[in-house]
Amino acid sequence: QGIEPDEVVEAEDPEDLAPYLLWWRPIRHMRVGLDVLALEEVLCYLDELREEPDGVYGMDSVRAVQRLQRRFGLPVTGIVDEDTATALNEAVLDTAAGQARDTQLERALELLKSAL
């Protein structure tokens with residue numbers, strides 16, 4: 001049956017805030033598109049790209065992908081193929097899981113502090 005809470009606080013799902021790369025074609029140097037923009041957002045989220053995403057797959061993005069391919073043990077081509085896209089999305093999920101906040105605990109601590 002349980003206890004009825006005085007205040008309901010929804011848990012935060014860090015995956016809702018994380019970018020996702022929906023891969024549908026190889027992404028090569030100087031390719032332009034929304035998929036490239038999504039790739040750049042993923043690279044920024046993983047702290048591998050410092051420039052503002054613009055949807056153009058330039059050399060800074062290629063080098064970032066190559067670094068990640070090397071780290072993931074994939075062929076270092078700079079081309080985002082299906083395996084690279086999958087590895088990038090898994091890295092995003094791992095990063096998101098590490099950044100999860102316990103919003104329920106935070107609110108409980110606020111309430112306890114205000115009660116003292």
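Which residues does Val80 touch, not counting residues up to four places away in sequence?

Modeller: Two notes come before the answer. This is a predicted model, in which local features need pLDDT of at least 70 and side-chain atom pairs count only at pLDDT 80 or more, while totals for chains, interfaces and linings use all residues. Residues are numbered from 1 along each chain as its sequence is written, and side-chain values use heavy atoms, with hydrogens and water left out.

Leaving out residues up to four places away in sequence, Val80 touches Leu21, Trp23, Arg25, Pro26, Ile27, Leu39, Tyr57, Val65, Ala85 and Leu88. Contact means heavy atoms within 4.5 Å.

Val80 also belongs to the largest nonpolar core, which has 21 residues. Such a core is a set of buried Ala, Val, Leu, Ile, Met, Phe, Trp, Tyr and Cys residues joined through side-chain atoms within 4.5 Å. Buried means under 20% relative accessible area, exposed over 50%, and partly exposed in between, with a 1.4 Å probe and protein chains only. Leu21, Leu39, Leu43, Leu46, Tyr57, Val80 and Leu88 touch the most other members of this core. Helix 1, helix 2 and helix 3 (82–98) are the elements that give two or more residues to this core. Helices (H or I, at least four residues) are DSSP runs, numbered from the N terminus. In soluble globular proteins, nonpolar side chains tend to be buried together.

Leu43 lies in helix 1 and is buried, because its relative accessible area is 0%. Leaving aside neighbours within four places in sequence, Leu43 is in contact with Glu48, Leu49, Ser61, Ala64, Val65, Leu68 and Leu88.

Helix 1 (residues 34–45) and helix 2 (residues 59–72) pack at an angle of about 60°, with their axes 11 Å apart. The axes are lines fitted to C-alpha atoms, for helices over the stretch in contact, and angles run from 0 to 180 degrees between N-to-C directions. Helix 1 and helix 2 are therefore oblique to each other; angles under 35 degrees count as roughly parallel, over 145 as roughly antiparallel, 65 to 115 as roughly perpendicular and the rest as oblique. From helix 1, Leu39, Glu40 and Leu43 meet Ser61, Ala64, Val65 and Leu68 of helix 2.

Asp35 also lies in helix 1. Asp35 counts as buried because its relative accessibility is 7%. Not counting residues up to four places away in sequence, Asp35 touches Leu21, Trp24, Arg25 and Ile27.
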